[in-house]
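Subject: Structure handover

Hi,

Here is the structure I promised to pass on. Please open it next to this email, and then read my notes below.

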Amino acid sequence: MTDLLHLEGICVQFGGLKAVDDVTIRVPRGERRAIIGPNGAGKTTLFNAITGMVRATSGRVMFDGRDVTRMPVHARAAIGMSRTFQITNLFPNLTVAENMRLALRGLSPRKFSLLGGGSLTAEEHARADKALGVSRLHARRDVVVKEMSYGEQRQLELAMALVAQPKLLLLDEPAAGLSPSERVIVSDIIRALPRDLTLVLIEHDMDLVLSLVDYVTCLNNGKMLVEAPPAEIRTNTLVQDVYLGKARHHA
Amino acid sequence: MSTSSSAPASSTPARDGLGKVALIAIAVGVLAFAVLPLLVPTYQVSILTEILIFAVLAMAVDILAGYTGRTPLCHGAIFGVATYVVVYWSQQGGAPVTGLLLGVAAATLVGAIFGLLAIRTSGVYFLLLTLALGMIVWGVCLRWTSVTGGENGLRGSVRPEMLAGHMPFYYAVFAVVGLITFIMWRFVRSPFGLTLRGIRDSESRMRALGYNVSLHLFLAFTISGFFAGLAGALYAMFNDFVSPSTVALSQSVEGLLMAITGGIGTLFGAFIGAAAIIGLENFVSQYTERWPTVLGLMFILIMIFAPQGVIGRVRDLVRRR
Ligand SMILES: Nc1ncnc2c1ncn2[C@@H]1O[C@H](COP(=O)(O)OP(=O)(O)OP(=O)(O)O)[C@@H](O)[C@H]1O
Ligand SMILES: [Mg+2]
């Protein structure tokens, strides 16, 4: 069992709509995997099934050798899953430092301290500094999140997912809505991640994604279309048919 | 002391300024409550006592409404449960200290039960569910005549001899409320308090970060019930009498309105809100019996014109400078 993540025949049904339809994926430890597909292909829904935000209608989610299909979201986070959101999902009324503190404390019993001070331990401080440094936000600690630019908010999305030191990092379109120069920042951040971290990345931007990952899964209408290394994806006619044409419009 | 700067070393100038303003405001407030009773007639000392007690209720409401983003309409009932238990205990001849402990314990328990039922809802559903739960308490107090005395209520003698006078009692309440306020301030600034503000801003992100949101909401509700119970127990000592109006919806509305008037999510705003509402109530009732109507109108006006409350307003002004 060297697969960190193993999805077995995952289906997610919303009423009459099969958003994810019998998807089986194995992600080995340390691999960087992309999930691509046109709008509405079911990529985000698949992430939601992996993290527990929606229950798979059928199928199994195996993570780190355990069946987590029925585990609640927070328990999956506790055993090493961390994600970012396609639609920015931060704590807008809190500062960057407070956002990071919440991200750090999610897995620490100190979150239950009722009367203690808020300050971080030296170790936590170092981790927060590192994640903010990687995400290029070290100078923005005391800024309230809702006052930051959209690009900076996307960087904070990454920093918060990173600081938890997960086994599996799930990035849902980290560069969505960014300008070309901001995209470069995001791809640099991803490239600078530790090589042994297992990564699953949803992204529309082909050029960005194919330069970052080891292996690509393409979904269409909730179904698995193709799985192949990046070089073959570029030339795959199925992918070109359903995806590349639309992606050009999208970008 | 109430700067909201998070990194000790490098807070921005705007926040330092806010800190100074807040410190001065707190000092002025404490001084006012310390000196005022010496300057006003006896009747008004009891109004001041009431303001301090209800400020604790409003702060308890603020823990949920302001810090957790869940607006409750049952805190008058939780408050009143403590009052009922304390007065009942003293009427049965029990020791006051035991009665106070039992009262707070009962309120905390009611808070925990309400919490279990209400935490899965949010927004207007939370408001309505807590309203209904509060109404149940009111119904029980009204109908369970053999214990609660029904509409006639219960009279006890909770206040010890030593605190019988207006002045000594006021200063005892002043000290206790000061201590409670300090503890609540530590609570909202603790890691757990930050967790609650995280839940207010994004529950889904909190879950993804590993927080058991339901558990935290349950604890917040229970703790908030505990503080409402402290206020209710103090009120039992103040009033030596309790009737269904103490657990009525209007009490919950008043607590919430005080929190909103002072500024939701500001904790100390509760004192401004309590002073404004109780002051107005005493003023209005000299002229008319229709206090509930006035209260309702106040609620609407505040929600329209100053939803961020007095402290929220001032804070915005200071920030903008
Ligand atoms: N909670 C939900 N309830 C009902 N339908 C949903 C829900 N979430 C997603 N869907 C539907 O499921 C389908 C897949 O949506 P999903 O968000 O997973 O697509 P996606 O591949 O992430 O698309 P995009 O590239 O636009 O982000 C869509 O048709 C969407 O409308
Ligand atoms: Mg999506």
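This is a predicted model: local features need pLDDT of at least 70, side-chain atom pairs count only at pLDDT 80 or more; totals for chains, interfaces and linings use all residues.

**Ligand 1**

Start with the surroundings of ligand 1. The ligand has 13 residues around it. Lys43(A), Thr44(A), Thr45(A), Gln86(A) and His204(A) are the closest.

For Thr45(A), a side-chain N or O atom lies 2.5 Å from a ligand oxygen. For Gln86(A), the corresponding distance is 2.7 Å. For Lys43(A), it is 2.8 Å.

How much of ligand 1 does the protein cover? On its own, the ligand has 630 Å² of accessible area, and the protein covers 61% of that.

Two elements of chain A each give two or more residues to the shell: strand 2 (17–28) and helix 1 (43–51). Helix 1 of chain A gives the most, with three residues. By class, the shell holds seven polar, four nonpolar and two charged residues.

**Salt bridges**

Over all chains, the structure holds 23 salt bridges.

Are the two partners buried or exposed? Asp21(A) has 16% relative accessibility, so it counts as buried, since the cut-off is under 20%. Lys18(A) is partly exposed, because its relative accessible area is 38%.

*Glu123(A) and Arg127(A).* Their side chains meet in a salt bridge at 3.6 Å, N to O. Both residues sit in helix 4 (residues 122–134) of chain A. They are four residues apart there, which is about one turn of the helix. Glu123(A) has a relative accessible area of 47%, so it is partly exposed.

*Arg234(A) and Asp207(A).* This salt bridge is 3.9 Å, N to O. Arg234(A) is at 42% relative accessibility, so it counts as partly exposed. Asp207(A) is exposed, because its relative accessible area of 55% is over the 50% cut-off.

*The network.* Salt bridges also link Glu8(A), Arg60(A) and Asp67(A) in a network.

**Chain B**

Now the other chain. Chain B has 14 helices and two strands. Its radius of gyration is 19 Å, close to the 20 Å that the globule rule gives for 321 residues, so chain B is as compact as a globular protein of that length.

What box do the C-alpha atoms of chain B fill? Along the principal axes, the box is roughly 60 × 45 × 35 Å. Of the 321 residues in chain B, 51% are buried.

**For a quick look**

Then turn to helix 4 of chain A, where Glu123(A) and Arg127(A) both lie.

Best wishes

Conventions
Residues are numbered from 1 along each chain as its sequence is written. Chains are lettered from A and ligands numbered from 1 in the order in which they are written. Side-chain values use heavy atoms; hydrogens and water are left out. A residue is near a molecule or strand if one of its heavy atoms lies within 4 Å of it. A polar contact is a pair of N or O atoms within 3.5 Å; within protein, one must be able to donate a hydrogen and the other to accept it, and residues adjacent in sequence count only if both atoms are side-chain atoms. Accessible areas come from the Shrake-Rupley method with a 1.4 Å probe; for residues, only the protein chains shown count as cover. Ala, Val, Leu, Ile, Met, Phe, Trp, Tyr, Cys and Pro count as nonpolar, Asp, Glu, Lys and Arg as charged, and the others, Gly among them, as polar. A salt bridge is a side-chain nitrogen of Lys or Arg within 4 Å of a carboxyl oxygen of Asp or Glu. Buried means under 20% relative accessible area, exposed over 50%, partly exposed in between (1.4 Å probe, protein chains only). The radius of gyration is taken over C-alpha atoms; the globule rule is 2.2 Å times the number of residues to the power 0.38.
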